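Have a look at the structure first, then read on.

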Amino acid sequence: MVALAFTTALADTCLVLAWGRVCTRFKIKRALEIVSLASILSALLCHLYSILPLAGVTALFVLASITAVIVPLALGATVPSCKKAKRWSTGEPRAIAASLVDVLAAPGLGLIVFAFVMAVMRTSFNQSQDAYLAMLALDAAILLAYALLRKRQLSLRGGMHQTFLPLMAMLLLAVTSITATVGQGEQLATYLTYALYALAAILTLATLCAIANAGEFPSDAVFSLAVFLFAAASFTGQAFATVMDDHVTPIVVTIITTLYAFAMVFSSHIRYQRETQWTSSDENDRVEPTGQSNAGPTPASVRCAQLAETYNLTAREQEILSYLAEGHSGAYIADVLFISPNTARTHIHNIYRKLEVSSREDILKLTKDRA
């Protein structure tokens, strides 16, 4: 039994890492679209498992398993080699660890609370699996529509993770409180619980893909840590559920949801303070962003390309230069590119050195010159 469990866990981990390498080529918009589609497909397959006869379930399971193995192997030959994570091999261990924690804090927390809550709710989850699948499909459909219709740069870490998820958590807490007082609405609270944590799971997976795509850390390291956090949270939740009565489950979920909402709001406050300090550290950095990140080629972007060629900027430095030319801060750039603030600061300093400037105001003047 132990050998079977170990083999299964090892195979699942290898499969996650293989898919992680495939997903490395997806930036956040495409990653959100693909994860949302995969979530809808997953909900559909799980629903089919519940209505098909045994022979159909067996055939569907075998087909899905083969597909899950063959697709990453087939795509692996067409996936470009992963971006080298220079900081991973040359940076100080403490700086690397701090950067990894910074980029994985919000998605990692979402993964932990999802795994823990689903494990704690295992009894009620088995009884209301259709409700979970419905909320998973609904969340995925909404996110898919949002990603397809969104024209400007997506920002999940500073947007949905720290804004929309806390609002949903507070709504769930309010409904739970009303339910406890009035004695009605338990089903609504259940649906909202599944909606909140399914949303957190989808956003987490999409964010992990974007972080791996950024290339600051190897995809294997990102997804290995994600698997470890998920497994540890699931094991803790299962162990916790075995020693408590079922009627205590809603209380535990409420406490976890409260802590999760508080952590997201607090991290948003920390992020705001960091951005304020970063911007105020240089008096010349006070430039209003133009908000044209995804507006297509502009004279300024053409000028950035010319500067990148003239001064031998790397592809990442040219990308960051285009954001600087729009007046964005380093904290914003770190957020939308899914890199740590320290890495963004290093790139910005390298750009300043190569272009022989000292502020974003100088960058703005330089990129508008002959633009």
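Counting rings of Phe, Tyr and Trp (its six-membered ring) as paired if their centres lie within 6.5 Å, you get 7 aromatic pairs. This is a predicted model, where local features need pLDDT of at least 70, side-chain atom pairs count only at pLDDT 80 or more, and totals for chains, interfaces and linings use all residues. Residues are numbered from 1 along each chain as its sequence is written, and side-chain values use heavy atoms, with hydrogens and water left out.

**Aromatic pairs**
- Phe116 and Phe240 have ring centres 6.2 Å apart and planes at 50°, so they're tilted (under 30 degrees is stacked, over 60 edge-to-face, the rest tilted).
- That pair links distant parts of the chain, with Phe116 in helix H5 (residues 93-120) and Phe240 in helix H10 (residues 219-242), 124 residues apart; helices are DSSP runs (H or I, at least four residues), numbered from the N terminus.
- Phe116 is buried at 14% relative accessible area, while Phe240 is partly exposed at 38% (buried is under 20%, exposed over 50%, partly exposed in between, with a 1.4 Å probe and protein chains only).
- Phe125 and Tyr132 sit edge-to-face, with centres 5.1 Å apart and planes at 65°.
- Phe125, Tyr132 and Tyr194 make up one aromatic cluster.

**Nonpolar core**
- The largest core has 91 residues, and those with the most contacts inside it include Tyr132, Tyr194 and Ile363 (a core is a set of buried Ala, Val, Leu, Ile, Met, Phe, Trp, Tyr and Cys residues joined through side-chain atoms within 4.5 Å).
- Helix H9 (residues 186-214) gives this core its largest share, 19 residues.

Notes
Helix = DSSP H or I, 4+ residues; strand = E, 2+ residues; numbered from the N terminus.
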